[in-house]
Amino acid sequence: MILTEERVVPKLMNPKSGILMEHIARYQFARMFASGRVLDIACGVGYGTAILLKSNPQISTVVGVDINKDAIDYAKEHYNDARAMYVAGDAMAESLPDEIGRFDTVVSFETIEHLQNDELFIANLYKMMKPDGTLIISTPFGKGRGIPCSNPFHVHQYKEPEFAELLNCFDTVDMYYQLDEMIEKGTQDKKYYLMVAVCTIKAKDV
């Protein structure tokens, strides 16, 4: 597995790497909300799936999906678990909900900013959620949706109202903010670089 700017591979990184520690913090945050059948979409090499499962008996299984088959093969080798399943798949494929089913919890970290059709991505996630399901999704702050930025891998870097608008299909959207390893509700005296939204849908809506 090759380490790139957009691929976190903990076993190839300094354990004190700021980027690694920030990514781990997001999965530890998501673990507090995760239960039942869980989807880790764009799971990469599977380290996040392992974090979600750690000391969490509320989870029955985690399905990790990534478009990169090499990453999936790496996940199967290095993060194998009786409650984990890794599948190569495209988060943008409209057939994906039919292929892998519905979930009580969906986790999507650092993915939506890479996708041109962000609305289709959210629609796919919604279709894959069970009644009373929860989505935990993150993305960095930026100058605006579709505006070019310094990261060549990002199509979008959202302002908060734009990100919230994409999530308006959900009944509740609870926004948190990340600074280094801290994820909190936010205060005016801090400059956060990333948003983490916890979204829910009611049973009547599914």
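This is a predicted model: local features need pLDDT of at least 70, side-chain atom pairs count only at pLDDT 80 or more; totals for chains, interfaces and linings use all residues.

Q: Which residues does Arg 26 touch, not counting residues up to four places away in sequence?
A: Arg 26, which lies in helix 1 (residues 18-31), touches Phe 109, Glu 110, Ser 138, Gln 178, Ile 183, Tyr 193 and Leu 194.

Q: Why is Arg 26 said to have no salt bridge?
A: The nearest side chain of opposite charge is that of Glu 110, 4.0 Å away.

Q: What makes the pair of Arg 26 and Gln 178 a polar contact?
A: The two side chains approach to 2.7 Å, and the cut-off for such a pair of N or O atoms is 3.5 Å, so the pair qualifies as a polar contact.

Q: Where does Gln 178 stand in relation to strand 7 and strand 8?
A: Gln 178 stands opposite Ile 183 in strand 7 and opposite Leu 194 in strand 8.

Q: How do you know that strand 6 pairs with strand 7 and with strand 8?
A: Pairing needs at least two bridges. Strand 6 and strand 7 have three bridges in the antiparallel sense, while seven bridges join strand 6 to strand 8, also antiparallel; both therefore count as pairs. Strand 6 and strand 7 moreover form a hairpin with two residues between them, and Asp 180 in the turn has a positive phi of about 55°.

Q: Why is the contact of Asp 174 with Lys 185 called a salt bridge?
A: The N to O distance is 2.4 Å, and the limit is 4 Å, so the pair meets the criterion. The pair links distant parts of the chain, with Asp 174 in strand 6 (residues 172-179) and Lys 185 in the loop between strand 7 (182-184) and strand 8 (194-200), eleven residues apart.

Q: Why is Lys 69 called exposed but Asp 73 partly exposed?
A: Exposed means over 50% relative accessible area; Lys 69 has 51% and therefore counts as exposed. Asp 73, at 34%, counts as partly exposed, because that class runs between the 20% and 50% limits. These two residues also form a salt bridge, their closest N and O atoms being 3.0 Å apart, and both lie in helix 3 (residues 69-78), four residues apart, about one turn of the helix.

Q: How do you know that the buried residues of helix 3 lie on the same side?
A: Ala 71, Ile 72, Tyr 74 and Ala 75 are buried. They cover an arc of only 160° around the axis, which places them on the same side of helix 3. The face turned away from this buried side carries the exposed residues Lys 69, Asp 70 and Glu 77, whereas the buried residues pack against strand 2 (59-66) and strand 3 (84-88).

Q: What makes Asn 68 a cap of helix 3?
A: At the N-terminal end of helix 3, a side-chain oxygen of Asn 68 lies 2.9 Å from the backbone nitrogen of Asp 70, which is within the 3.5 Å limit for a polar contact.

Definitions and conventions: Residues are numbered from 1 along each chain as its sequence is written. Side-chain values use heavy atoms; hydrogens and water are left out. Buried means under 20% relative accessible area, exposed over 50%, partly exposed in between (1.4 Å probe, protein chains only). Lys and Arg count as positive and Asp and Glu as negative; His and the chain ends are not counted. A polar contact is a pair of N or O atoms within 3.5 Å; within protein, one must be able to donate a hydrogen and the other to accept it, and residues adjacent in sequence count only if both atoms are side-chain atoms. Contact means heavy atoms within 4.5 Å. The arc is that of the directions from the helix axis to the C-beta atoms.
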